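Here are my notes on the structure, written as numbered points. Please keep the sequence and the 3D view open while you go through them.

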Amino acid sequence: MGNAGEHDPNRGRAIAPAAANEDLPRIGGAIGFLLPRVFSWFRSGIGLRLLAAVLLFSSIVTLTLTALQLYLDYHREVAIIETRLNEIGRSYLGSLGESLWSLDRNQLELQLNGILRLPDIQAVEIREFADRPNPLRVVVGDSGGRSVVARDYPIDYVSQGEKHRIGTLHVEATLTDVYRQLLNRALIILASQAAKTFLVSLFIIYMFHLLVTRHLVAIAEFVSKFTLARQQPPLHLERGPSHELDELDKVIDAFNAMCSSLQRAYGDLRLANVNLERDLQVRRRAEDDARRSEQRFRDYAETASDWFWETGPDHVFTYISDRAGSFGMLRDRVVGRRRPDGAIDLETEPQKWRDHMAALERHEPFRKFEYRGRDAAGRIRHFSVNGRPVFDADGRFLGYRGSTTDLTEQHETEERLRQSQKMDAIGQLTGGVAHDFNNVLTVITGTIEILQEGLADKPQLAAIAQLIDEAATRGAEITSQLLTFARRQPLDPREIDVNGLVVETARLLNPILGEHIEINAELADDAWFAMADPSQLSSAIVNLAVNARDAMPGGGKLTLQTANRVLDGAGESGDREMEPGEFVMIAVADTGHGIPTDIRDRVFEPFFTTKGVGRGTGLGLSMVYGFAKQTGGTVVIESEEGRGTVVRLFLPRSIGRTASPAGPVAAPSPARGHETILVVEDDPLVQGYVIAQLGSLGYRTLVASDGAAALALVGQGVKFDLLFTDIIMPGGMNGRELAEAIRERRPDVRVLYTSGYTDDAIVHEGHLDPGVALLRKPYRKSELSQKIREVLTGSLPY
């Protein structure tokens, strides 16, 4: 049965009776004849499904475009209303303020009715702010409803050059007319589009039947009668003549060629059966060789450091070596799946996976393709995969073979390094910011003290000065927390009784946390003494307790716990930087809502907070982290959403057995003197403030802006009793180097350092050097005077 139709001049003539003598130019005359057959085809063939698909797709497109148009129209209408509301705020507040100040209700009602007459405005209300019974309130229109846009405008009145907040204007605009117009517009669009879509779909279905489906029926009839037992003439379709071969012509040519190939293959198959028996013996020997080769491969696979795998042509795993079990990968959870099925970065890195799958479809080898997945225990693992395609002797693609390297430990090490570098960089940045900010705060706090003394007889201005003083104090607290996180806050570590300090701090927590929080203490009777700064430790516990309170808005239980711990490395702390040793653990546990997993690694970052605006600085846990690390310990968080949070603070154990008291010390009154003080300060504002304060305390002052100027004064033989110097200064010489240079000439000179940010000049490993007196910025007049007297009278060691 050769391909006899390839050169037949009559090719294209149809033999299907349903299609006899039909052609496109006569489509109009044949519609009446074909319509019954087409509707019959709708019921029994693919026509109904095609019609449904076209209608569904057209409907989706129509609905999407309609929704988009309505969405744009809605926002345009709302924008018009909001513009009108903004115009009200710009145009009416002045006149309303005059009327409200005069308490002219009639004028207010007249003005509000004018606003109410504006389009879409349904209610206007004005309320007076006044400390008297029944403040003025005027309402026009119908307030309330769900489809409204409301705005509140503050009403101010300027009297004698001073602005007063006297009331507020509340305006509501309705969206009812907007919704009604959008609904009518949607109905019109949908009705017109539905009719057009239905007619177009019917025409498409009819043309599809005329040009394609009826010929498929003829092909199906030919195939149902085809047999290899006897030779048959080639298939022909009776169609109108065409200038070029179309798809159906190519299908018929390919089909006829296939039939010829089948006939030849049928003869070849009988010949192959004769040779098959002869090849069986050869095949058995090949199978034995393959079995030995496979065993050799398995032996290599199970003893290698990586694990091996195979996939089929569909890229589904068909084999993994037992070595994969050492990395938590189980055979039954991998075999039968594709590599992307076990990946957890498929959505986060889609382009990487698209490129990888495209390379697999092209049967290209690949190396070091890295991705993330989970092992049988649910732990995240990092994999690096190498693979090469496998083909049989005829070039047919069989799949891939390759190896997988587990990079989890390497990635974890790199991540810890990146996290450490990031925290160090943030620490250096915050430390530098705190230095300049503390200089400014020093001047602010000192100036406010002077203002408060001068405003004692002016309560209103004194109250404003008190607000500034409180804001400066709050700024100093934030700066101190920044320095603590940056590990630049000089600590005064002492041997402290941890149990006693926790008990004292718990007493302070009762009024801070409120009655809805139950506080329990579980203290170890044999708790060791710790070596830490007691004030910083108390602040850390308070910060943790306040965070716990915010996690229990409806009330709950706060537990303070102490215990002794001997750590031999990361161990319980989970900190690979921790040196082995003996530590005192202080745990703060709550029964709150817990910390989500996706932000748990960021809680120690400064200014990171999940609280609302104005409810937190994001420095509490950062301060705790910096304090613990600077002390030589660490802090660990364990949390589960819905189950609460436990924060464990590890502090190094003290060798001594006598704890120093950590109680608060009352601030002394300013002490005066008559000595001469050499002030070395590069900041002009701070320099002027210090000179003024020392002068008010009775001291004589000499001034230098840097180390070189101070040494020049010493070289001139100027006499002074105390060197009061900033630590960080320009000119290449810091405060410590200046003091050492002066003491070489005057060994008996006394030195008091000051700084808002300490570097390694006087602080090592987070602690002040022995014999160093430091006044931390910002400081007040009383602190300045007390520290100077302590240094001058020898109350502090040198």
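1. Asp726 is buried in this predicted model, because its relative accessible area is 0% and the cut-off for buried is under 20%. The residue belongs to strand S19, which covers residues 722–726. Leaving out residues up to four places away in sequence, Asp726 touches Val680, Glu681, Asp682, Gly735, Thr754, Ser755 and Lys777.

2. The protein as a whole has 798 residues, and 41% of them are buried. Its secondary structure amounts to 17 helices and 23 strands. If we take the contacts between residues at least 6 apart in sequence, 67% of them join residues at least 24 apart.

3. The next item is a pair of helices, H3 (residues 93–102) and H4 (residues 105–116). How do they lie relative to each other, roughly parallel or roughly antiparallel? Their axes cross at roughly 155° and come within 9 Å. Angles over 145 degrees count as roughly antiparallel, and H3 and H4 are therefore roughly antiparallel to each other. The crossing of the two helices is left-handed. On the H3 side the contact is made by Ser95, Leu96, Ser99 and Leu100, and on the H4 side by Gln107, Leu108, Gln111, Leu112 and Ile115. Sorted by class, the contact of H3 with H4 has five nonpolar residues, four polar ones and no charged ones.

4. Leu103 sits in the loop between H3 and H4. Its phi is positive, about 60°, although Leu103 is not a glycine. This deserves a remark because most residues other than glycine have a negative phi. With a relative accessible area of 43%, Leu103 is partly exposed.

5. Asp120 is a further residue with a positive phi that is not a glycine, and here the value is near 70°. Asp120 is placed in the loop between H4 and strand S1 (121–128). Is Asp120 buried or partly exposed? Its relative accessibility is 23%, so Asp120 counts as partly exposed.

6. Ile121 is in strand S1. Ile121 counts as buried because its relative accessibility is 9%. Which residue lies 51 places from Ile121 in sequence but 6.1 Å from it in space, C-alpha to C-alpha? That residue is Glu172. Glu172 is also among the residues that Ile121 touches, and the others are Leu85, Ile88, Ile115, Leu116, Val171 and Ala173, not counting residues up to four places away in sequence. Of these, Ile115 also takes part in the contact of H3 with H4.

7. His382 lies in strand S8, which runs over residues 380–391. At 17% relative accessibility, His382 counts as buried, because the cut-off is under 20%. With neighbours within four places in sequence set aside, His382 is in contact with Tyr371, Arg372, Thr405, Asp406, Leu407, Thr408 and His411.

8. Gln410 is in helix H9, residues 408–454. Gln410 has a relative accessible area of 43%, so this residue is partly exposed. Between Gln410 and His382 there are 8.8 Å in space, C-alpha to C-alpha, and the two residues are 28 apart in sequence.

9. The last item is a second pair of helices, H11 (residues 498–513) and H12 (residues 534–550). They pack at an angle of about 40°, and their axes are 10 Å apart. H11 and H12 are therefore oblique to each other. H11 passes H12 in a right-handed crossing. The residues of H11 in the contact are Leu501, Val502, Thr505, Leu509, Ile512 and Leu513. From H12 the contact takes in Pro534, Leu537, Ser538, Ile541, Val542, Ala545, Val546 and Arg549. How do the residues of this contact divide by class? In the contact of H11 with H12, 11 are nonpolar, two are polar and one is charged.

Methods
Residues are numbered from 1 along each chain as its sequence is written. This is a predicted model: local features need pLDDT of at least 70, side-chain atom pairs count only at pLDDT 80 or more; totals for chains, interfaces and linings use all residues. Side-chain values use heavy atoms; hydrogens and water are left out. Helices (H or I, at least four residues) and strands (E, at least two) are DSSP runs, numbered from the N terminus. Buried means under 20% relative accessible area, exposed over 50%, partly exposed in between (1.4 Å probe, protein chains only). Contact means heavy atoms within 4.5 Å. Axes are lines fitted to C-alpha atoms, for helices over the stretch in contact, and angles run from 0 to 180 degrees between N-to-C directions. Angles under 35 degrees count as roughly parallel, over 145 as roughly antiparallel, 65 to 115 as roughly perpendicular and the rest as oblique. A crossing is left-handed if the near helix is turned anticlockwise from the far one by less than a right angle, and right-handed if clockwise. Ala, Val, Leu, Ile, Met, Phe, Trp, Tyr, Cys and Pro count as nonpolar, Asp, Glu, Lys and Arg as charged, and the others, Gly among them, as polar.
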